[in-house]
Amino acid sequence: MPSPSSGALVLDPQAFELLRKLIQARFGLVYTPETAYLLERRLAQRVMAHGLSSFFDYYLLLTESQPAALRERELTEVFELLSTRETYFFRESYQLEVFREVLLPQLYKQRPRGSTLSVWSAGCASGEEPYSIAVEIIESGLFDSWQVRIIGTDLSRQALHTASHGVYGPSSFRQTDASRHSRHFRPLTGRWQVSDAVRRLCTFQTLNLVRDDFRAIGGPVDAIFCRNVIIYFDRSERGKLVSRLAEQLAPGGYLFLGHAESLLDITTPLEIAHLGRELVYRKPR
Ligand SMILES: C[S@@+](CC[C@H](N)C(=O)[O-])C[C@H]1O[C@@H](n2cnc3c(N)ncnc32)[C@H](O)[C@@H]1O
C-alpha cells in the first residue's frame, strides 16, 4: 500500500484507516487501500510543513492536539489537496442543451411572467458550470423580465475564489464554440473574463455537501446540477446527499447528475424522467 514517493514518510495501515474515516466523515471523499498512495502523496507535504514525523501525528493534529479553530483551518488545507476540481465551460453539453431547449420553455410556460427562476450548481468548482447555465438562460431569450438566481456552491475556497473573479485560461474553453466565446467573455491580460450580463446572474458560497445545512441556499430551486461530485462518494453518502438535494427542489424540479453517475442502486424520493433525449431525475409534484 505505501509508496516510496513521499520519502521517509510512510502511511501505515493504522494511520491510513484513521485518516480515511476522518476524510470520509468530513468531506464524503472515499479512499480505499488501493488509493491510499494518493492520500500519502497529497498529505505528506502537510505532515512535513508542520515538522511532524508521522501521519499518525498529523491525524492527532487534525483531531485533538491543537485548538479547534486551527484544526478546522488545517482541514480546509486537506480538502484543497484532496478535492478534484476539474471542470470547463459547457461540459456534458447535451444536458445543457435539453435544459435550454426543453426545461426552460416548460418553466416559462408554467409560471406567470416575471417570476423567479432558481438553479443551484452544487459542487460548482471554479464556476464554469454555473456560468454555462447562465449563458444557456440568457440565450434562451425567455427570462429577461424574470428574476434569475444561479447559486454556485463548493467547499474549495480556491475554486470559489476563481469563480467569483470569473477569469479563465484556455483549458476552461476546450468545449466553447467561437461565437459564444466572443459573445460572453472579454479578453483580460491573456485570459478571458465572463461578461457582466452573465456574472450578474450568479452568486457563490461555501457549502459542504456532506455536513452543511442546505437551507443556506435560500429556498426551493427549479433545477440542481450536481455533476461529477457524487462519483467520489460511497453509496450511502450518495443516497443521503440526493435525498437532501431533493428537499431543496421545487415540486417538479429536476436534478442533473454527471454522465458517469447514476442512482440505480439507491432509493431516493426522485423519479426518473425523460427530458428531451436525456434521462434525468425529477421531484414528484
Ligand atoms: C470534478 S468537480 C465538478 C465540477 C462541476 N460540477 C462539473 O461537472 O464540471 C467536483 C467538485 O466537487 C466539490 N466537492 C467534493 N466534495 C465536496 C463536498 N463535500 N462539499 C462541497 N463540494 C465538494 C469539489 O471541491 C470539486 O470542486
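How many bridges join strand 2 to strand 6? Five, and the two strands run parallel, with strand 6 covering residues 202–206. Strands here are DSSP runs of E with at least two residues, helices are runs of H or I with at least four, and both are numbered from the N terminus. Two strands pair if DSSP finds at least two bridges between them. If you want a spot to look at, I150 stands opposite C202 in strand 6.

Before going on, a word on what you're looking at. This is a predicted model, where local features need pLDDT of at least 70, side-chain atom pairs count only at pLDDT 80 or more, and totals for chains, interfaces and linings use all residues. Residues are numbered from 1 along each chain as its sequence is written.

Now hop over to strand 1 (residues 116–122), which pairs with strand 2 (residues 147–154) in the parallel sense over seven bridges. T116 stands opposite Q147 in strand 2. To get from strand 1 to strand 2, the chain passes through helix 6 (residues 128–140), making a right-handed β-α-β crossover (clockwise from the first strand over the helix to the second, with the strands pointing away from the viewer).

Next, the ligand. Around the ligand sit 24 residues, and T87, G123, A125, L155 and L209 come nearest (near means that the C-beta atom, placed from the backbone, lies within 6 Å). By class, this shell has nine nonpolar, nine polar and six charged residues; Asp, Glu, Lys and Arg count as charged, Ala, Val, Leu, Ile, Met, Phe, Trp, Tyr, Cys and Pro as nonpolar, and the others, Gly among them, as polar.
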